[in-house]
Amino acid sequence: MNVTLRVWRQANAQSEGRMVTYQVQDVSPDMSFLEMLDLLNEDLTVKGEEPVAFDHDCREGICGMCGVVINGTAHGRGSSPVPTTTCQLHMRSFEDGAVIDVEPWRAGPFPVIKDLVVDRSAFDRIIQAGGYVSVNTGSAPDAHANAVGKQKADRAFDAATCIGCGACVAACPNSSGMLFTAAKITHLAMLPQGQPERHLRVKKMLAQHDAEGFGGCTNIGECAEVCPKQIPFDTISQLNRDLIASLFKRDGK
Amino acid sequence: MMTTTKPVATTENALPGADYFTLGAEIADAKAPAGPIEQKWSKRQFEAKLVNPANRRKLTVIIVGTGLAGGAAAASLGEAGYNVLNFCYQDSPRRAHSIAAQGGINAAKNYRNDNDSTYRLFYDTVKGGDYRARETNVYRLAEVSANIIDQCVAQGVPFAREYGGLLDNRSFGGVQVQRTFYARGQTGQQLLIGAYQALERQVAAGTVKMYARHEMLELIVVDGRARGIVTRDMVTGEIESWTADAVVLATGGYGNVFFLSTNAMGCNVTATWRAHRKGAYFGNPCYTQIHPTCIPVHGETQSKLTLMSESLRNDGRIWVPKRAEDCDKDPRQIPEEDRDYYLERIYPAFGNLVPRDIASRQAKNMCDEGRGVGPAVREIDHDGNERMVRRGVYLDFAEAIGRLGADGVAARYGNLFDMYAQITGENPYETPMRIYPAVHYTMGGLWVDYDLSSNIPGLYVTGEANFSDHGANRLGASALMQGLADGYFVLPNTINDYLAAAPYEKLDATHPAVREAVDEVKGRIEKLLAVQGTRTVDSFHKELGHIMWEYCGMERTEAGLQTAIGKIDELQKEFWANVKVTGMNEDFNQTLERAGRVADFFELGRLMCVDALHRRESCGGHFRAESQTEDGEALRHDDAFLYVGAWEFTGTGEKPVLHKEPLVYEAIELKQRSYK
Amino acid sequence: MAVTGLILIAFLLMHMFGNLKMFIGPESFNHYAEWLKGQSADGGILYPVLPAGWFIWLFRIVLLAAVVLHMYSAITLWNRALAANPSSYEAKRKLAQTYSARTMRWGGIILAGLLIFHLLQFTVHATLVAGPFDGSPYDMVVGEFKIWWLVAVYAIWMVTVCMHIRHGFWSAFATLGANTSAKARAVLNGCAWAVALILYIGFMIMPVAVLFGWIGA
């Protein structure tokens, strides 16, 4: 199959970007979207043009490094019924002859580095603000010292599967990073190990989220719709509950 | 099922492939303390020199890599109070490829009351490694394994639990005890996130400085000690030097030398290879693990392979058509009597559950016979002819679905079936899955002693990047265990012995050794950019991968390996004459990044072939055609090859030097594997 | 945002309830209006806890505060979103958002504008369409809603209000932490629809009745 791509090209953070049209021929339906971009890049390289920069690493949907907006949907969807990472989107989800728009995540806290590559280090700083349990190596009690009910353990796990790709921010009309933040809050709030720092954590992480320039959540739900790991939308309410409770606690401000 | 080995006197006096290397001095001692094996680690911890907590912040440690081995080490050394500089090539430390491990992590907790113990985990790991691992290291690995689970749970890693609230275990990788802890099919992800959180906590505390999107391109050695690294800032192209009192490489494996592997696209050998070129020995480079249950190649534009947990073999039956002419038929139309359930036929005792290496090799044999299934892919055979070969075998769940129902199968393997359907577009509940082996893990790596120190003082190597714990084959659920053992518990208790003599002389950017290293890096980049040929980096990488897979993959022959070395030399020459690297250094330039990595893969690939050539025995995941039993099974030669092959670099185009580290088994008896 | 929004929704429900007194008759409705203002013979609502006539002003202060805080929060959120969204997509596909959710901001401005008109009309009596106010509250309401296009304006206004509430009701509860599961989400959204529809019908039935002469004829 053949496709027409309209790809965002931007030399660096300072320069203006624009959409550039490319034809990609002999695309196999079994290719992943990124393999199709590889094909384009091989072609561009042979012609002596600079290939399209895009982030990617594991290409099995778990590292969270890849992610572009395809036809207006974060990570793209094509005809695929379920949300996936870009690397797990396959060309069989597109029609022969399709025109496909490819853009980077667009959000102030995720400045473009080049073409489709953005800087997501704001997420790391949100985790630094409190997305951990303060336990030094070697100081842990036996793993069976605390039992965790299966329901809570499962809910913790559901939230912990976040891969930090940033699709939630890219899809949010407010560019809010709330689903990402809430996933970590919920993961640790469900476990006994997360309790001592629970209220301090939510305050600190949310303060960092806001300081990074992410927008506020208005409960629209685009985030959960594009999340390749299907982080539950209700984690945001968990964050809100913890935040309200934390206002009555003396730790933090 | 074990039988005692009879010494086989087939090896000649000169080692095979002696034209390609020279023999150096034996490595006499890996520095494990004397005494009974169960006391060695505590003895070593007691004897190691300590660093006063007040002095630790004056000492700088560079750690390259943020996976389980690197991230855990950075967090732990940060907590201890050292000044840590941590580097990774990804945009965040959370992306390291440890994240992709699915199955689980072993630990000798004996929570199942099923006779598990430190000794049994040690024994299983050495046996699984086909008696090519250093027993002192493996025993320690088993010893600290239980602490890992405690540590991870305390960090909030959501391991699978039972209704009683306690941790669940499963049996994994063919062992007979249930000692594998898991977090659905995402154990690696959850463990990595745990280490990442611990790391970010130290970043916030100011003990660790994190440099993401920085790729290490050179090691700085001063007066024989590792004193720093040179990196390229992957956003701006800036070449920077960093100096420290010690350097830790936790840069993972080099499976991408095969181009197609289950590794992440960015996984590379550059950090360890650069250290090797500066004098660090490379241990057992040819030891590669081939995983049998991966999704087959769909065509020439494939960029990577995806692994599916080998737990699928518990219920799936592997077969190919008996006749080659049936291979393009709908598998559901092929009657039972025309199917060859070859593993059940050849290995009636173990059937579909034979070890990874055997399952992999037999799949290759079936496809080589022309009985593979799925799309045919273009290959170049040993005589240089193009051929189209179907590379896949069926993994059929029809019988399991009949027995357990589709829901029962979905409960066990639902996420894997979904993944398969997403990638192939086929529904595995209706039509059999297709699988084929793929490169998954590299047991080889930089040689380290008991302290995880390379032979360059001050250079430590942890996780998959070192060679030490898995011998010739790694057991399932052991990679995560080793990465975290090294990072959390081993390195933080051995590196102090070296740092006790620090701080070493302060170095600045004008020091001749630093300048030389920086100039080397700049020179190499300029050289790559100056070629301006006509072939893309990827096309070279793919061709190298084909050579490696064909000649240094599952089955190796003397002639094949010699051919491979010739082909690699030729291809490498063409690379430096005809590669096309677009753009410039002072930019975000992914082509340049890849070109540098591929350039190192050529040199590594050649050394892998030399190592494979000299090791004329079949062991672990490596079938050497010249070393097989009468009925075609792997034959190990403990008389001639019971050693670690540690290779020393002597110069570009020079013959490498082989240093043997004899393997001494005091706590364990050598046996030959048999699965018939 | 959530708390003030819920206060305003509660007020609207009470307001709607009061309006429906129009169906009972002039005495009931007029008494209700006087009672709220503390002008009725019994001293009005909360008398003698509060002096007569105090309640309505306290009530208005609370409502005004709620409106001001609601708008302040909305403007803050909007500003943050604008700051976080410096460039827009060439193509944008919406997967989850409803029309109500998407129009909260501009819809809010439009309905606030009409609110001012409404207050000037029925509270301040400055923009009465049918002429100066000289009779009872009942007569005033009947007089105004006899004008068909005014009823149409109110019908449209109430669409914007109820759409705002459709998303606002659910969103307020989600912000307060009530979105605990997919099921809770369905229930809250169902309630949001119900409240929006009840308010729409409850508010519009009276003007329509007046227009068609079912009451106040």
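**Close-ups of a three-chain model**

In chain A, 71% of the contacts between residues at least 6 apart in sequence join residues at least 24 apart (in contact means C-beta atoms, placed from the backbone, within 7 Å). This is a predicted model, where local features need pLDDT of at least 70 and side-chain atom pairs count only at pLDDT 80 or more, while totals for chains, interfaces and linings use all residues. Residues are numbered from 1 along each chain as its sequence is written, and chains are lettered from A and ligands numbered from 1 in the order in which they are written.

View 1. Chain A has eight helices and seven strands (helices, H or I, of at least four residues and strands, E, of at least two are DSSP runs numbered from the N terminus). Its C-alpha trace spans about 60 × 35 × 35 Å along the principal axes. Of the 253 residues in chain A, 64% are buried (buried means 20 or more other C-beta atoms within 10 Å of a residue's own, exposed means 12 or fewer, and partly exposed is in between, with C-beta atoms placed from the backbone). Chain A splits into domain 1 (3–103) and domain 2 (121–246), with bounds from an automatic or database domain assignment. Their C-alpha centres sit 30 Å apart. Where these two domains of chain A touch, each one puts in 12 residues. On the domain 1 side, that's five nonpolar, seven polar and no charged residues (Ala, Val, Leu, Ile, Met, Phe, Trp, Tyr, Cys and Pro count as nonpolar, Asp, Glu, Lys and Arg as charged, and the others, Gly among them, as polar).

**View 2. Chain A against chain B.** Here 65 residues from chain A meet 61 residues from chain B. Sort the chain A residues touching chain B by class and you get 29 nonpolar, 21 polar and 15 charged.

**View 3. Chain A against chain C.** This contact takes 32 residues from chain A and 31 residues from chain C. From chain A, the elements giving two or more residues are β5 (99–103), α7 (222–226) and α8 (235–246). The largest share of that side, five residues, belongs to α8(A). The side of chain A that touches chain C holds 11 nonpolar, 14 polar and seven charged residues.

**View 4. Into the largest nonpolar core.** This core has 307 residues, and those with the most contacts inside it are Leu179(A), Val248(B), Leu446(B) and Cys609(B) (a nonpolar core is a set of buried Ala, Val, Leu, Ile, Met, Phe, Trp, Tyr and Cys residues joined through C-beta atoms within 7 Å). Helix α15 (residues 590–614) of chain B supplies its largest share, 13 residues. Zoom in on Leu179(A): beyond its neighbours within four places in sequence, its contacts include Cys168(A), Cys223(A), Ala224(A) and Ile236(A).

View 5. In helix α6 (residues 137–145) of chain C, the buried residues include Tyr138(C), Val141(C) and Phe145(C). Among the elements covering the buried residues of α6(C) are α2 (26–37), α7 (148–175) and α8 (182–211) of chain C.

**View 6. A five-strand open sheet in chain B.** Read across the sheet and the order is β2-β27-β26-β12-β20, with mixed pairing (strands pair if DSSP finds at least two bridges between them). The edge strands are β2 (22–23) and β20 (445–446) of chain B, each with a single partner strand, so each has one side without a neighbour in the sheet. β2(B) pairs with β27 (residues 657–662) of chain B in the parallel sense over two bridges, and Leu23(B) stands opposite Leu658(B). Helix α15(B) lies across β12 (282–283), β26 (643–648) and β27 of chain B, at about 145° to β26(B) (axes are lines fitted to C-alpha atoms, for helices over the stretch in contact, and angles run from 0 to 180 degrees between N-to-C directions).

**View 7. Strand β14 of chain B and its two partners.** Four of the five residues in β14 (residues 317–321) of chain B are buried. With β18 (residues 393–396) of chain B, β14(B) makes an antiparallel pair over three bridges, and Ile318(B) stands opposite Leu395(B). With β15 (residues 339–340) of chain B, β14(B) also pairs in the antiparallel sense, over two bridges; there, Pro321(B) stands opposite Arg339(B).
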